[in-house]
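Subject: Structure handover

Hi,

Here is the structure I promised to pass on. Please open it alongside this email, and my notes follow below.

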Amino acid sequence: KLSEEKHEFSEIACIIATSASSGKQKYVKISRDSFINRVYNTNNLDVNISNIKSMISLRSVAIVTHIFELFTNLVHGNCNYLLNRTETLVPSTIVTYIEGEKIEYIVLAPSLLKSIISEYQRNNKVNKSIKTIISGSAKLDLKTINDFYDIFSNGNLYNSYGTTETSSTCYFQKLDRCGSVVMGETICGSKIHIVDSNMNEMISG
């Protein structure tokens, strides 16, 4: 409960209520530093949302990534298609949006990416509108990466991950066909600590 804690509210940009993956509602404080850092990186990484003409948002509005996807895109006068929970569970529906609206940008989990790729493979189709797909929240495998480039001939696939709703992206890396699945480099203002099962920091190398 926020009322039971001491906070420097002048340092908080916003507060979001989210159940995330736990199913239990919680409140997450987004600091001004984190907010500005996320905006800065959105505009300076290889993927600049402001240049994307059409995208699909598949994430909950309570997740920070969705907030940046939604408003960064809209302030530049571009289209953002919001899919409801039912639609996001049906790969064929997502593919229909991708093809019909010439979608260029999507952020999704590897499991959903695999399902979309399978839908294209099942129908023996390829896609030329997708420019960027960012995959996060779970591990990608080499087969999925190679299948991606077979289907999305004009696209680039990026690996990203963050620890919580407050740091939706800590690292970011473009993945190449037949390359290695790497975490990537930290975005500006972020640090990654590799720890063992007892939360002891691991030695470099």
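The protein chain has 6 helices and 9 strands, where helices (H or I, at least four residues) and strands (E, at least two) are DSSP runs numbered from the N terminus. Please keep in mind that this is a predicted model, in which local features need pLDDT of at least 70, side-chain atom pairs count only at pLDDT 80 or more, and totals for chains, interfaces and linings use all residues. Residues are numbered from 1 along each chain as its sequence is written, and side-chain values use heavy atoms, with hydrogens and water left out.

Of the 205 residues of the protein chain, 41% count as buried; buried is under 20% relative accessible area, exposed is over 50%, and partly exposed lies in between (1.4 Å probe, protein chains only). Among contacts in the protein chain with a separation of 6 or more, 56% are between residues 24 or more positions apart, a contact being heavy atoms within 4.5 Å.

Now to the strands. β3 and β5 pair in the parallel sense over 2 bridges, and two strands pair if DSSP finds at least two bridges between them. Here M55 stands opposite Y105 in β5. β5 is also joined to β6 by 4 bridges, again in the parallel sense, with L108 opposite S135 in β6. From β5 the chain crosses through α5 to β6, and this β-α-β crossover is right-handed (with the strands pointing away from the viewer, the path from the first strand over the helix to the second runs clockwise).

The side chains of β5 are worth a look too. In a regular strand the side chains alternate between the two faces of the sheet. Y105 and V107 point one way from β5, I106 and L108 point the other way, and all are buried.

I133 has L157 in β7 as its bridge partner. Together with helix α6 (residues 142-151), β6 and β7 make a right-handed β-α-β unit. β7 then pairs with strand β8 (residues 171-175) over 5 bridges, this time in the antiparallel sense, and N159 has Q173 in β8 as its bridge partner.

How much of α6 is covered? It is mostly covered, with 7 of its 10 residues buried. These buried residues are T144, I145, N146, D147, F148, Y149 and I151, and what covers them includes α5, β6, β7 and β8.

Helix α4 (residues 91-100) is the part I would look at next. I94, V95 and I98 are buried there. They cover an arc of only 100° around the axis, which puts them on the same side of α4; the arc is that of the directions from the helix axis to the C-beta atoms. On the face turned away from that buried side, α4 carries the exposed residues T96 and G100. The buried residues of α4 pack against β3 (54-57), α3 (85-88), β5 (105-108) and α5 (110-122).

α4 and α5 pack at an angle of about 75°, with their axes 9 Å apart. Axes are lines fitted to C-alpha atoms, for helices over the stretch in contact, and angles run from 0 to 180 degrees between N-to-C directions. That makes α4 roughly perpendicular to α5 (under 35 degrees counts as roughly parallel, over 145 as roughly antiparallel, 65 to 115 as roughly perpendicular and the rest as oblique). In this packing, P91, S92, I94, V95, I98 and E99 in α4 meet L112, S115, I116, E119 and Y120 in α5. One of these, E119, is buried, with a relative accessible area of 14%. Leaving aside neighbours within four places in sequence, E119 is in contact with P91, S92 and V95.

Two backbone details may also interest you. Most residues other than glycine have a negative phi. K102, in the loop between α4 and β5, has a positive phi near 50°, and K102 is exposed with a relative accessible area of 52%. N124, in the loop between α5 and β6, has a positive phi of about 55° although it is not a glycine, and N124 counts as exposed at 73% relative accessibility.

Best wishes
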